[in-house]
Amino acid sequence: MLNELDSGALALVPVGRISEERKDQGIMLGAMLCRNSDGNEIELRTVSGLSKKLVPQKTDDKIIYVEPIVPPQKIDEALLPNDKKIHELTDEINLIVQLEDKTQNRKNRLEDLKKYRTELTTQSLEKVFSLYSFKCIDGNTVSLNKICTTKKIKLPPTGTGECCAPKLLNYAFDHNMQVLNMAEIYWVNDSAQKQNGHEYPPCDERCGIILPFMLGLEILYRDSDICVINKPSGLLSIPGRGEDKKDCVSARLKKLYPECIEQPSVHRLDMETSGLMVYALTKEAHKNLGRQFEGRTVQKEYIALLDGILPKKGIENTGCMELYFRLDVENRPHQIWDDVYGKKAITEWQILDVEAYTAPDGKTKNVTRVKFIPHTGRTHQLRLASADPHGFGTAIIGDTLYGKPVGDERLMLHASYLSFVHPITGNPMSFTNDAPF
């Protein structure tokens, strides 16, 4: 693409209004190699934004130029009702700013104008964002409004949905194509953040909102051997029994990376628990990571909200507990205390804070935020350390097995830190991911 643009075989043509401050800015070029349903390789191409498009001198059946997800004219229609007034407000604001004599009345007027302009701009952006929906790898469609509601984002950054990655993936998934590879390169003028001709990953501020929903996984790191993801609450780590439990991280990972081994899982999180997980893409990586988990050299930390005030129960701010549990064979998958036949579970804890929490029914109560550092990997270890009388006797909020969740309350347990040695390079690796609660 770069060579074709330099030679004139490919042109970047303006198709929309370009503001004065953006006319000399560079642009991201995106290319994606796919395999269609007939088994043929197809190249998808696009550019970021709405103001320009790629136009080739000669057509090629194996190259498709991907258009914006929402046509520019529809965006103009959404912006039109407030556009004139916003420009009038901007002109008046600029006039007042240029005046040397700034009385209090003028200052008040300036604040009122800015506030009104912000309200109109927000209305216009909400209309624009409501137009966006994205095709996902599983064949379903997700709207930008739904994404923002799920992630508790009031208003995403301007231009969300118009980067190369969501455009290319949306087209590929909408046409039942298997994605093989993708690259994005910055072109023309250098900026403070990007250099001409350099490759960059999808951006965090816009693509980072959308791509986890389109891909089915939030991928934090991947190379040819391993993949680190942030598992959402409600998704299985590995498939369970029955067709309704086939959807899981392993299945989604194999769909994204067909070259992945059949069983990439090396550890698990409960379905209700969210947070960091590492998966192996090769047999050698799987064997090595398995040894690290068995040898307890992998470091893990969790954040939990407990349904009560631990300091009032006389519990120290820090400490370490040893508990013994086994499976309750008459009430699977519950675990029960058994200091004779139970397996030892060692858990270190640190009380971080006592804070107010509002439940789904609108009621507010005080809860305790705790950091857990497990030194063993027993089933339901942290849930039992919290809820069982031999532990804190205070269940984690949203625990459907050992607590009393309110409505659709999720389990407030998140794997926030994970460190291990890379199974092939031997380099130490660590990842941190803040709890979403």
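**Stop 1: M429.** Select M429, which counts as buried, since its relative accessibility is 16% and the cut-off for burial is under 20%. The model on the screen is a predicted one. M429 lies in strand β18, which covers residues 428-432. Now display the residues that M429 touches, leaving aside those up to four places away in sequence: they are Y221, I226, L418, S419, F420 and H422. For one of these, L418, draw a C-alpha to C-alpha distance to M429; the value is 8.3 Å, although the two residues are eleven apart in sequence.

**Stop 2: V97.** Next, select helix α2, residues 72-98, and find V97 within it. Is V97 buried, partly exposed or exposed? V97 counts as partly exposed, because its relative accessibility is 43%. Not counting residues up to four places away in sequence, V97 touches K102 and L110. The C-alpha atoms of V97 and L110 are 8.0 Å apart, and the two residues are separated by 13 positions in sequence.

**Stop 3: helix α5.** Select residues 164-174, which form helix α5. This helix is largely enclosed by the rest of the structure, because nine of its eleven residues are buried. Colour the buried residues: C164, A165, P166, K167, L168, L169, N170, A172 and F173. Which elements cover them? The cover includes the strands β2 (27-35), β3 (41-47), β6 and β8 (178-187), together with helix α6. After α5, select N176, where phi is positive, near 55 degrees.

**Stop 4: helix α6.** Select residues 207-215, which form helix α6. Seven of the nine residues of α6 are buried, so this helix too is largely enclosed by the rest of the structure. The buried residues are C207, I209, I210, L211, P212, M214 and L215. G216 follows α6, and its phi is positive, near 85 degrees.

**Stop 5: the contact of α5 with α6.** Keep both helices in view. Two packed helices are described by the angle between their axes and the distance between the axes. For α5 and α6, the angle is about 20 degrees and the axes are 10 Å apart. That angle makes α5 roughly parallel to α6. The crossing of α5 past α6 is left-handed.

Which residues of the two helices meet? From α5, select A165, P166, L169, N170 and F173; from α6, select C207, I210, L211, M214 and L215. These contact residues divide into nine nonpolar, one polar and no charged. An α-helix has 3.6 residues a turn, so residues three or four places apart point the same way. With that in mind, examine L169 and F173 in α5, both of which take part in the contact.

**Stop 6: the whole protein.** Finally, zoom out. The protein has nine helices and 18 strands. Its C-alpha trace spans about 75 × 65 × 40 Å along the principal axes. Of the 437 residues, 41% are buried. The accessible surface is about 24,200 Å², and carbon and sulfur atoms account for 47% of that area. Among contacts with a sequence separation of 6 or more, 63% join residues 24 or more positions apart.

Terms used
Residues numbered from 1 in each chain as written. Predicted model: local features only at pLDDT ≥ 70, side-chain atom pairs only at ≥ 80, totals over all residues. Heavy atoms only, no water. Axes fitted to C-alpha atoms, helices over the stretch in contact; angles between N-to-C directions. Helix = DSSP H or I, 4+ residues; strand = E, 2+ residues; numbered from the N terminus. Parallel < 35°, antiparallel > 145°, perpendicular 65-115°, else oblique. Left-handed = near helix turned anticlockwise from the far one by under 90°. Contact = heavy atoms within 4.5 Å. Nonpolar A, V, L, I, M, F, W, Y, C, P; charged D, E, K, R; others polar. Buried < 20%, exposed > 50% of the residue type's maximum accessible area, 1.4 Å probe, protein only. Areas by Shrake-Rupley, 256 points an atom, 1.4 Å probe, with all protein chains shown as cover.
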